[in-house]
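Subject: Handing over the two-chain structure

Hello,

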Amino acid sequence: MNQPADLAYVGLVLVSHSRRLVEGLAELVGQVAGPDVTIQAIGGAADGSLGTDPDRVLEALQAAAHEPGAIVLMDLGSSVLAVSAALESLSDEQRARLTVADAPLVEGAVAAGVLASTGADLGEVAQAAEEARDARKL
Amino acid sequence: MPASSDPPANQAEPHLSRDRQRVPGGEGLPGEVTLAVTLPASVALHARPAADLVRAASRLPVPVTIAANGKRANARSILDVLALGAVGGSELTLSASGLGADEAVRALAEVIAGLG
């Protein structure tokens, strides 16, 4: 059975106050997760300064809200507001396809990306992202 | 990922130590199996190689633990594996237990030998 790659693999939506930060992270996660995992990197205000752009957050969530779903990761708690506002604009069906992970952005995205590349489902990928909270690196 | 039953003739058989124990209530279940394997000299366990290893480990029937540099990692956890900081040429000790443990560590050793 041939399926487009993005129907078989959970995607990632990365939200940061900084475009450069999130684009760099997307590059890193892309390398470990491989080409099958769709990664959307949203960062910075509309004028390019630090902040969040609600329109782009909404666009990204809408694009990601299809089977098999996507994990949303944020840099700081202050991004939660932007993500929540966007989620409110979605349908129940769209919202059901997205899980916002309470996890560190870099480690959560790497863990989620690699697990997503194995074909794991939304719940499993979300769990991997949240386990990143306890991961030690030293 | 099935392990090959015949290792290449020019490679020494990896040392597989087996600690067979009778598990109470579990007739015939093997105890922990360990296997030492060396990372290729040019391959440090970072980014893509680590991810390849983790993906392979996720397909194995039992969890495998990797020990290196005095640290232990769940082979299915990318963050764990990255934290090993294993450089090229370093020795990794794989361990697993339960049904399929032998095949699992051998299969993962093969993957490790082929990383790069």
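Let me begin with A:Arg95, which has a relative accessibility of 30% and therefore counts as partly exposed, because that class covers what lies between the buried limit of under 20% and the exposed limit of over 50%. Please bear in mind throughout that this is a predicted model, and that the values below were computed from it.

A:Arg95 forms a salt bridge with A:Asp92, in which the closest N and O atoms are 2.7 Å apart. Both residues belong to helix α5 of chain A, which runs over residues 92–96, and they sit three residues apart, or about one turn of the helix.

A:Arg133 counts as exposed, at 52% relative accessibility. In another salt bridge, the side chains of A:Glu107 and A:Lys137 meet at 2.4 Å, N to O. Because A:Glu107 lies in helix α6 of chain A and A:Lys137 in the segment after α7 of chain A, this pair ties together parts that are 30 residues apart in sequence. A:Lys137 counts as exposed, with a relative accessibility of 54%.

Next comes the place where the two chains meet. Here 13 residues of chain A are in contact with ten residues of chain B. The area buried between the chains is about 960 Å², and carbon and sulfur atoms give 71% of it. On the side of chain A, the residues that lose the most area to chain B are A:Gln31, A:Val32 and A:Val114, which together make up 42% of what that side buries. Between chain A and chain B the count of salt bridges is zero, whereas two residue pairs are in polar contact, both at pLDDT 80 or more. Two helices of chain A, α2 (19–33) and α6 (105–116), each supply at least two residues of the side that touches chain B, and the largest share of that side, four residues, comes from α6(A). Sorted by kind, the residues of this side are seven nonpolar, three polar and three charged.

Turning to chain B, you will find three helices and five strands, which follow one another along the sequence in the pattern β-β-α-β-β-α-β-α. Chain B has 116 residues, of which 41% count as buried. When contacts in chain B with a separation of 6 or more are considered, 64% of them are between residues 24 or more positions apart.

Which residues have the most contacts inside the largest nonpolar core? They are B:Leu45 and B:Leu108, in a core of 65 residues. Helix α3 of chain B, residues 101–113, gives the largest share of this core, eight residues. Not counting residues up to four places away in sequence, B:Leu45 touches several others, including B:Leu39, B:Val81, B:Leu92 and B:Leu115. Apart from this core lies another one of 16 residues, among them A:Val57, A:Ala64, A:Met74 and A:Val83.

A buried residue of another kind is B:Ser95, which is in strand β5 of chain B, residues 91–96, and has a relative accessible area of 6%. Its contacts, leaving aside neighbours within four places in sequence, include B:Glu32, B:Thr34, B:Pro63, B:Arg72 and B:Val105.

Finally, here are some details of the backbone. A cis peptide bond, with omega at about -5 degrees, joins A:Glu67 and A:Pro68, and A:Pro68 lies in the loop between α3 (54–64) and β3 (70–74) of chain A. B:Ala47 has a positive phi of about 35 degrees although it is not a glycine; B:Ala47 lies in helix α1 of chain B, residues 47–58, and counts as buried, at 13% relative accessibility. B:Asn69 also has a positive phi, near 55 degrees, and is found in the loop between β3 (65–68) and β4 (71–74) of chain B.

Best wishes

Conventions. Residues numbered from 1 in each chain as written. Chains lettered and ligands numbered in written order. Predicted model: local features only at pLDDT ≥ 70, side-chain atom pairs only at ≥ 80, totals over all residues. Heavy atoms only, no water. Contact = heavy atoms within 4.5 Å. Buried area = accessible area lost by both parts, 1.4 Å probe. Salt bridge = Lys/Arg side-chain N within 4 Å of Asp/Glu carboxyl O. Polar contact = N/O pair within 3.5 Å; in protein donor to acceptor, adjacent residues only side chain to side chain. Nonpolar A, V, L, I, M, F, W, Y, C, P; charged D, E, K, R; others polar. Core = buried A, V, L, I, M, F, W, Y, C linked by side-chain atoms within 4.5 Å. Buried < 20%, exposed > 50% of the residue type's maximum accessible area, 1.4 Å probe, protein only.
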